[in-house]
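I opened this notebook page to record what I looked up in the model, taking the sheet before the helices and the core.

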Amino acid sequence: MHWLRPERLADVYRDLAGALREGGALVDGDHLYDERPGIRELAEVVKNRRAARAGVGANEEWKAWWAAVAADPALRERFTADELRGISTGYGNRLSPQEHTRLLREAGFAEVSPVWQSGDDYVLTALR
């Protein structure tokens, strides 16, 4: 969900709230960016150190992956130019857990909370 524009994400959350019966849960494992600068910076350090320990620092990074998609004629047909420009940054919509919580509550979810976090990776749960 981190790559959807906020207005589109709000639509998706409303659709999901409408599709879930009372008591149903939406669980989203995603990249979220905390509004608090100190927490956001600390999460970035934790993520980078974890990647270094796991030996995945040299893996293909997001921007290079999307550049390869944009260069491939068959794949380029599946994405609009706007999508490629918006997605290729690798940073998506940069919405915080707080902003996702607001959108989920506005969509009709009664309770919203992160149930797991490591760096900027979250599992956010919303109950209908």
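I began with strand 2 (residues 111–118) and strand 3, which pair in the antiparallel sense over seven bridges; two strands count as paired if DSSP finds at least two bridges between them. The strands and helices I name are DSSP runs numbered from the N terminus, strands (E) of at least two residues and helices (H or I) of at least four. The model is a predicted one, in which local features need pLDDT of at least 70 and side-chain atom pairs count only at pLDDT 80 or more, while totals for chains, interfaces and linings use all residues. Residues are numbered from 1 along each chain as its sequence is written, and side-chain values use heavy atoms, with hydrogens and water left out.

**Sheet.** I then went through the partners along this pair: E111 has L127 as its bridge partner in strand 3, V112 has A126, and S113 stands opposite T125. The two strands form a hairpin with two residues between them, and G119 in the turn has a positive phi of about 65 degrees.

Strand 3 also pairs with strand 1 (residues 25–31), antiparallel and through seven bridges, and here I noted D30 opposite Y122. Taken together, the three strands make an open sheet in the order 1-3-2 with antiparallel pairing. Strand 1 and strand 2 are the edge strands, each pairing on one side only, and the twist averages 20 degrees from one strand to the next; for such angles, axes are lines fitted to C-alpha atoms (for helices over the stretch in contact), and the values run from 0 to 180 degrees between N-to-C directions.

Is strand 3 mostly covered or mostly open? I found five of the seven residues in strand 3 (residues 121–127) buried, where buried means under 20% relative accessible area, exposed over 50% and partly exposed in between, with a 1.4 Å probe and protein chains only.

**Q117.** This residue is found in strand 2 and counts as partly exposed because its relative accessibility is 41%. Its side chain makes a polar contact with the side chain of Y122 at 3.1 Å; such a contact is a pair of N or O atoms within 3.5 Å, and within protein one must be able to donate a hydrogen and the other to accept it, with residues adjacent in sequence counting only if both atoms are side-chain atoms. I also checked Q117 against A43, which lies 74 residues apart in sequence but 9.4 Å apart in space, C-alpha to C-alpha.

**Helix 6.** Which residues of helix 6 are buried? I listed P97, H100, T101, L103, L104 and A107. They lie on the same side of helix 6 because they cover an arc of only 165 degrees around the axis, the arc being that of the directions from the helix axis to the C-beta atoms. As background, an α-helix has 3.6 residues a turn, so residues three or four places apart point the same way. The buried residues of helix 6 pack against helix 1, strand 1, strand 2 and strand 3, with contact meaning heavy atoms within 4.5 Å. After helix 6 comes G108, whose phi is positive, near 120 degrees.

**Core.** The largest nonpolar core has 17 residues, and Y13, L104 and F109 have the most contacts inside it; such a core is a set of buried Ala, Val, Leu, Ile, Met, Phe, Trp, Tyr and Cys residues joined through side-chain atoms within 4.5 Å. Helix 1 (6–19), helix 6 and strand 3 each supply at least two residues of this core, and the largest share, five residues, comes from helix 1. Leaving out residues up to four places away in sequence, L104 touches Y13, L26, F109, V112, L124 and A126.

**R94.** Most residues other than glycine have a negative phi. R94 counts as partly exposed because its relative accessible area is 40%.

**Whole chain.** The chain has six helices and three strands, running α-β-α-α-α-α-α-β-β from the N terminus on. Of its 128 residues, 30% are buried.
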